[in-house]
Amino acid sequence: MGESHKHTVPSRKNLNSAYYIGIGVNLAYTIIEFVFGTLNNSLALISDAGHNLSDVASLILSLIGMKLAQRAETVAYTYGFKKASLLASLINAILLVVVVIGILTQAVQKLDNITEVPGLLIVWVALVGVTINTISAFLFFQHQKEDINVKGAFLHLLVDALVSVGVVISGLVIYFTGYNIIDPIISIVIAIVIIITTRKLLIESLRLVLDAVPEAIDYKEIKELIEKVEGVEEAHHIHIWALSSTINALTAHISVEEDDMEEWVKIKNKIKHELLHHGIEHVTLELEKEDEDCEQKECKE
């Protein structure tokens, strides 16, 4: 579990620049790669171009999610649009699955119709991709551990860099051996790599959209932490979820010994301070006397 006092909010100015640069260079490279792949009948290049196009879409979605998450609360949307960043990460993960299905379909079809492809040209085009995607991924590296939405963009770019390395290998094998069958085979490997590297993002994004406890937070540990605070008898009806890709929330009923308002305020402040150390910033507590019945029976554990 994270021990930082609070989430470090990514620098919006730096992130905006990273998004705009990433979108621009990847879109330009996608067009170049698709054109060369089509003209030279290389499925590996076309597959990689398709994945690069998904990167452009991913970056745009991630940017939109970040922008929406910054919008102020309204009477209708009392939490604002913070969940937009989580939805963007889920859509990005689903987009990758769609890309994988497309790549596998084309690769299987080409296994039955092997054509000659220029290995050396593939190598040079793919090397450009390795460079572009590595640089683009580096722009997001600093913030990808703080925000699952940014992590989605980072993973897209990192995977693309690795995929482009695979295409380089494909081109070299074809150039030196003439084994053109390696082209669709590398495409299949590319699809497998994408699935393996994005599986966790898909699962975690889905969990957060469904208001599950964030992966970095241990529910039992949080309950124990609250109950260790002096004056607290029991904590129940605890709910922990992600408001956005950077903000976690908690609500709980707290049974206390004291009925003095001043003591209650001290207990609440102490609990909130402790929770900040565990990445939970938005906290709502309902304090009740230890002999007071909780209105909802199921809130007792």
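Which side chain meets that of Lys82 in a salt bridge? The side chain of Glu73 does, with N and O 3.1 Å apart. This model is predicted.

**Salt bridges**
- The count of salt bridges comes to 7.
- Glu73 is partly exposed, at 46%.
- Glu204 and Arg207 also meet through their side chains, at 2.9 Å from N to O. Both sit in helix H6 (residues 182-209), 3 residues apart, which is about one turn of the helix.
- Glu204 is buried because its relative accessibility is 10%, under the 20% cut-off. Arg207 is partly exposed, with 29%.
- Glu263 pairs with Lys266, and their closest N and O atoms are 3.8 Å apart. These two residues lie in helix H8 (residues 261-276), again 3 residues apart.
- Glu263 is partly exposed at 29% relative accessibility. Lys266 is partly exposed too, at 48%.
- An α-helix has 3.6 residues a turn, so residues three or four places apart point the same way.

**Around Gly80**
- Gly80 lies in the loop between helix H2 (43-69) and helix H3 (84-111).
- Its relative accessibility is 11%, so Gly80 counts as buried.
- Leaving out residues up to four places away in sequence, Gly80 touches Arg71, Ala72 and Glu73. Glu73 is also the salt-bridge partner of Lys82.
- Ala69 is 11 residues from Gly80 in sequence, and their C-alpha atoms are 7.1 Å apart.

**Helix H5**
- Helix H5 (residues 148-177) has 30 residues and should span 44 Å at 1.5 Å a residue. Its end C-alpha atoms are 43 Å apart, which agrees.
- Gly178 follows H5 and has a positive phi, near 80°.

**Strands**
- Strand E1 (residues 232-242) pairs with E2 in the antiparallel sense, over 8 bridges. The two form a hairpin with 5 residues between them.
- Val232 has Val256 of E2 as its bridge partner.
- E2 pairs with strand E3 (residues 282-289) in the parallel sense, over 8 bridges. Ile254 has Leu287 of E3 as its bridge partner.
- In strand E2 (residues 248-256), 8 of the 9 residues are buried, so the rest of the structure largely encloses it.

**A nonpolar surface patch**
- Leu27, Ile31, Phe34, Val35, Leu39 and Leu53 form a nonpolar patch on the surface. Together they have about 580 Å² of accessible area.
- Helix H1 (residues 12-39) gives the most to this patch, with 5 residues. Ile31 lies in helix H1.

Terms used. Residues numbered from 1 in each chain as written. Predicted model: local features only at pLDDT ≥ 70, side-chain atom pairs only at ≥ 80, totals over all residues. Heavy atoms only, no water. Helix = DSSP H or I, 4+ residues; strand = E, 2+ residues; numbered from the N terminus. Expected span 1.5 Å × (residues − 1). Buried < 20%, exposed > 50% of the residue type's maximum accessible area, 1.4 Å probe, protein only. Contact = heavy atoms within 4.5 Å. Patch = residues over 30% accessible without salt bridge, like charges linked within 9 Å, V, L, I, M, F, W, Y side chains within 5 Å. Areas by Shrake-Rupley, 256 points an atom, 1.4 Å probe, with all protein chains shown as cover. Salt bridge = Lys/Arg side-chain N within 4 Å of Asp/Glu carboxyl O. Pairing = 2+ DSSP bridges.
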